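Here's a quick tour of a model you can follow along in your viewer.

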Amino acid sequence: KRPDIASPVRTRAIMETYGLSFKKSLGQNFLTDVNVLKKIVNAAQVDENDDVIEIGPGIGALTEQIAKKAHSVLALELDDRLIPVLSETLAPYDNIQVLRQDVLKADLKDLLARHFDGQHQVKVVANLPYYITSPIILHLLETGIHFEAIVVMMQREVAERLGARPGTKAYGSLTVRVQYQMNVQVAFIVPKTVFVPQPKVDSAIVVLDPKEVQVLPQNEQLFFKVVRGCFQHRRKNIWNNLLAFLGKQTVDKEKLQRVLAELNISPKERAENLAINDFIHLTNKIIDFNI
Ligand code: SAM
């Protein structure tokens with residue numbers, strides 16, 4: 001029996017056979033530690049009830065480990081050089097489909113309808129290309145697809161931002177945007193030494209699962225704008241950020257003061273000390289007061 005794709009010997013052999021080089025511009029750092037890959041699949045609790053989307057299969061290291069547990073896998077890879085490689089390395093598995101696709105341009109709802117049977121829960125499991133970590137996460141959240149879990153490897157620093165608590169330096173508009181929809185757990189840290197080539201920073205596995213319905217903003221787009229507006233200048237208080245965001249000249253300052261007073265939020269407060277629900281209530285009051 002052949003060793004797993006991710007094993008260092010096999011990875012080296014595949015790269016040599018196909019004369020492949022790593023494309024830095026595509027974030028190609030391949031995992032060569034089978035145990036780490038198994039831990040990722042375990043963290044996602046992948047089993048035969050799951051159809052899994054994988055972003056960036058590379059030479060198929062993680063794809064193989066997912067396919068051993070899942071009902072099926074749909075892997076989206078941008079680098080066309082890797083498509084013939086994947087069709088060979090993943091040939092032993094009959095539950096994998098590989099598409100040449102830029103994930104950021106993918107209509108994921110449409111892909112799911114065409115490639116999955118609709119009878120299984122859908123998860124995302126991936127070792128992300130780090131140059132587009134946040135855009136990919138936001139793209140996934142904006143699809144409106146109910147993902148049972150999104151379990152992804154990313155640079156440690158971004159993982160810490162996603163999982164941050166209010167009052168910390170890492171807490172920002174990305175944190176609020178993601179935690180608005182998902183519970184975030186940083187499952188474990190992965191040292192840079194298990195990749196080829198080695199990236200500059202350590203990585204982390206993040207587990208996202210959908211939040212139970214909470215208080216909802218009356219207008220989601222406005223909510224996202226309020227969050228970004230409040231974090232615009234991190235060192236300014238929310239009063240100044242809100243004025244800048246709503247229009248210093250035109251906004252009714254008295255109304256805005258009343259909004260904050262009713263929410264028990266001091267105008268001197270900084271965005272990093274507001275919880276997600278504070279931003280939701282703030283959005284709704286801005287609408288109620290017709291500001
Ligand atoms: N899954 C493999 C592993 O764990 O060893 C490779 C992970 S590597 C960090 C990221 C992969 O994403 C690369 O194969 C890269 O070509 C691919 N990729 C980069 N940009 C992409 C995009 N926009 N859409 C889909 N795949 C992309």
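Which residues are closest to the ligand, and how many surround the ligand in total?

## The ligand shell

Keep in mind that this is a predicted model. The ligand is surrounded by 22 residues, and the closest are Phe30, Gly56, Gly58, Asn127 and Pro129.

## Helix H2 and its cover

Helix H2 spans residues 34-43, and Val36, Leu37, Ile40 and Val41 are its buried residues. Looking down the axis of H2, you'd find these buried residues within an arc of 140°, so they line one face of the helix.

What sits over them? The cover on the buried residues of H2 includes strands E1 (30-31), E5 (121-127), E6 (147-155), E7 (182-190) and E9 (203-210), along with helix H3 (61-67). After H2 comes glutamine 45, with a positive phi near 50°.

## Serine 7, ahead of H1

Serine 7 lies in the segment before helix H1 (8-17). Is serine 7 exposed, partly exposed or buried? Serine 7 counts as partly exposed because 15 C-beta neighbours lie inside 10 Å.

Leaving aside residues up to four places away in sequence, serine 7 touches Thr32 and Val34. Serine 7 is also 24 residues from leucine 31 in sequence, with a C-alpha to C-alpha distance of 8.7 Å.

## The annotated domain

An unreviewed UniProt entry carries the annotation "domain: Ribosomal RNA adenine methylase transferase N-terminal" for residues 36-212. Over residues 36-212, the chain is 32% helix and 29% strand, with 30 Å between the end C-alpha atoms.

Most residues other than glycine have a negative phi, and most peptide bonds are trans. Here are some spots to check against that.

Valine 196 and proline 197 are joined by a cis peptide bond, with omega at about -15°. Proline 197 belongs to the loop between strand E8 (195-196) and E9.

Asparagine 264 isn't a glycine, yet has a positive phi of about 60°. You'll find asparagine 264 in the loop between helix H11 (253-262) and helix H12 (276-288), and asparagine 264 counts as exposed because there are 9 C-beta neighbours inside 10 Å. Asparagine 290 has a positive phi too, near 55°. Asparagine 290 sits in the segment after H12 and is exposed, with 7 other C-beta atoms within 10 Å.

Technical notes. Residues numbered from 1 in each chain as written. Predicted model: local features only at pLDDT ≥ 70, side-chain atom pairs only at ≥ 80, totals over all residues. Buried ≥ 20, exposed ≤ 12 C-beta atoms within 10 Å, placed from the backbone. Helix = DSSP H or I, 4+ residues; strand = E, 2+ residues; numbered from the N terminus. Arc of directions from axis to C-beta. Contact = placed C-beta atoms within 7 Å. Near = placed C-beta within 6 Å. UniProt positions renumbered as here; feature names shortened; annotations may be inferred.
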